[in-house]
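Dear colleague,

I am passing on the structure we spoke about, with the sequence alongside. Please have it open while you read the notes below.

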Amino acid sequence: MARDNAVYACQACGAVHAKWAGQCSACNAWNTLVEEVSVRPPGALAPTKGARRQGLAFETLEAETPEPPRIPTGIEEFDRVCGGGVVPGSAILLSGDPGVGKSTLLLQVTAQAALRGASVAYISGEEAIEQIRSRAGRMGLAQAPVKLAAETSLRDILEALKREHFDLVVVDSVQTLWSDALEAGPGSVAQVRACAGELVRLAKKRRTAVVLVGHVTKDGQVAGPRVVEHMVDAVLSFEGERGYPFRILRAGKNRFGATDEIGVFEMGDSGLREVRNPSALFLGEGGERAAGAAVFAGIEGSRPVLVEFQALVAPSAYGTPRRAVVGWDSGRLAMVLAVLEARCGLGFGDRDVYLNVAGGLRINEPAADLAAAAALASSALETPLPQGCVVFGEISLSGEVRSVGRMELRMREAAKLGFDQALAPAAAVDGSPLAVSGVARLAEAVRRIGDDAWVRRGVKA
Ligand code: TYD
Ligand code: MG
């Protein structure tokens with residue numbers, strides 16, 4: 001029989017329901033509702049007897065609030081994504097697929113911060129001390145004065161953190177923690193929410209920066225890190241495409257910095273290596289670029305990044321042509337294909353289309369439209385783009401090529417890496433270090449690509 005104060009929490013999305021149901025009405029997942037006893041903190045909403053009510057005092061927006069000081073960890077790519085170092089007393093969630101390298105990254109971050117004089121603790125509920133030690137040894141970090149513990153009991157962790165002050169504490173992972181104040185098992189929504197809540201409170205009170213690791217799981221059996229997202233100051237996700245050594249750290253939410261910043265790492269034998277110049281990495285060895293390849297001059301956060309879009313347009317063997325895309329939005333691909341058909345006379349109705357962003361990066365900028373279109377047109381026309389050419393620009397449904405932000409920065413980066421021309425919005429022509437073929441409409445761009453003379457002129461001697 002259900003208890004009076006029982007509620008049902010979805011283990012996948014964290015939504016709380018008053019009644020049990022087979023399907024969560026918030027996220028549509030099946031069989032994820034689990035009974036929890038909701039405990040109202042004593043006197044939480046009840047009026048306090050006898051106590052004089054203070055009322056609400058309003059403040060002004062204007063005040064001398066100094067910029068929060070930062071703890072630089074020494075891993076620059078990590079610091080930049082955090083907004084210039086970790087803010088004392090902040091709570092950060094680092095989420096990612098199992099095996100992507102979260103523990104490795106945080107071990108390096110804590111070790112480097114400790115070597116720079118910060119007092120740092122690394123608490124693991126997933127690995128034994130021996131395992132962490134041997135990993136640190138392999139990465140050459142055994143000398144770093146990091147305080148290490150293997151513990152899953154929230155009570156013991158809180159006690160230790162109250163006894164001794166730390167600047168930075170990593171808890172790996174939040175799903176392994178359990179509080180003896182709750183009946184629910186470790187990894188359930190109730191446990192994850194309660195444990196994260198306690199640690200965030202401690203972070204604020206003791207001005208200890210706390211980094212919580214959260215696994216992203218798809219099956220819904222273990223509470224996803226989603227329930228923690230609204231409690232923390234920053235949500236960082238660590239991503240990597242299967243089969244590539246590159247790892248991207250992205251800020252999805254950040255109360256102390258920009259959210260479009262990325263950090264780039266490469267996983268090697270001795271841990272993660274910071275990649276200071278991602279363009280060189282994503283462009284690969286160079287060599288001759290074939291038909292279907294277009295180099296996109298993009299911006300990720302504050303940094304320009306050059307990546308190659310690769311398209312293959314081939315006759316379809318079956319009735320329904322295939323569309324497959326890696327690293328870009330499939331809806332956006334459908335739109336670009338439709339504009340190419342309707343405004344430029346390139347037909348894809350009986351052809352398979354594959355589009356791939358090289359290197360495992362995911363591109364979200366609308367500025368990539370023209371690069372994708374150029375790659376597709378180049379493959380369809382079987383004409384390579386000029387070798388030293390970069391492409392950027394947004395495409396509208398009417399077939400116009402619109403200008404995009406920070407065009408000069410994009411072209412300067414391209415020039416630095418040896419490119420000498422750009423296929424870009426007409427507005428990019430002024431003061432560019434490159435020879436710009438400015439186009440106002442996508443049809444013009446497609447004509448240029450099909451024009452052998454333009455292509456040959458662009459080939460460097
Ligand atoms: P890990 O940090 O344990 O992942 P997570 O904490 O996100 O689950 O990293 C696991 C993977 O990283 C594992 O497949 C091995 C690989 N790895 C290396 O390739 N080189 C290294 O130096 C280390 C430490 C790990
Ligand atoms: Mg781990």
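A polar contact, as the term is used here, is a pair of N or O atoms within 3.5 Å. Please keep in mind throughout that this is a predicted model.

With that cut-off in hand, the surroundings of the ligand can be described. There are 15 residues around ligand 1, and the closest are G99, S103, T104, G268 and G271. An N or O atom in the side chain of R135 is 3.0 Å from an oxygen atom of ligand 1, which means that this pair falls within the 3.5 Å of a polar contact. The backbone also takes part in such pairs: a nitrogen atom of ligand 1 has a backbone N or O atom of G268 at 2.7 Å, while an oxygen atom of ligand 1 has a backbone N or O atom of D269 at 3.0 Å.

Turning to the fold, there is an open sheet of 9 strands with mixed pairing, whose order is β6-β5-β7-β8-β4-β9-β10-β11-β12. Because β6 (147–150) and β12 (271–274) stand at the edges and have a single partner strand each, one side of each is left without a neighbour in the sheet. From one strand to the next, the twist averages 25 degrees. Within this sheet, strand β4 (residues 91–96) and strand β9 (residues 234–239) run parallel and are joined by 5 bridges, and I92 has A234 as its bridge partner in β9. Helix α5 (residues 189–206) packs on the sheet, where it touches β4, β7 (168–172) and β8 (209–215), and its direction makes about 160 degrees with that of β8.

One residue in a loop deserves a separate note, namely M231, which lies between α6 (226–229) and β9. Is M231 buried or exposed? Its relative accessibility is 18%, and because buried means under 20%, M231 counts as buried. Leaving aside residues up to four places away in sequence, M231 touches R193, A196, G197 and V200. By contrast, E126 is 23 Å from M231, C-alpha to C-alpha, and the two are 105 residues apart in sequence.

Lastly, helix α11 (residues 442–450) has L442, A445, V446 and I449 as its buried residues. Seen down the axis of α11, these buried residues fall within an arc of 100 degrees, so they line one face of the helix.

Technical notes: Residues are numbered from 1 along each chain as its sequence is written. Chains are lettered from A and ligands numbered from 1 in the order in which they are written. This is a predicted model: local features need pLDDT of at least 70, side-chain atom pairs count only at pLDDT 80 or more; totals for chains, interfaces and linings use all residues. Side-chain values use heavy atoms; hydrogens and water are left out. Buried means under 20% relative accessible area, exposed over 50%, partly exposed in between (1.4 Å probe, protein chains only). Helices (H or I, at least four residues) and strands (E, at least two) are DSSP runs, numbered from the N terminus. The arc is that of the directions from the helix axis to the C-beta atoms. Two strands pair if DSSP finds at least two bridges between them. Axes are lines fitted to C-alpha atoms, for helices over the stretch in contact, and angles run from 0 to 180 degrees between N-to-C directions. Contact means heavy atoms within 4.5 Å. A residue is near a molecule or strand if one of its heavy atoms lies within 4 Å of it. A polar contact is a pair of N or O atoms within 3.5 Å; within protein, one must be able to donate a hydrogen and the other to accept it, and residues adjacent in sequence count only if both atoms are side-chain atoms.
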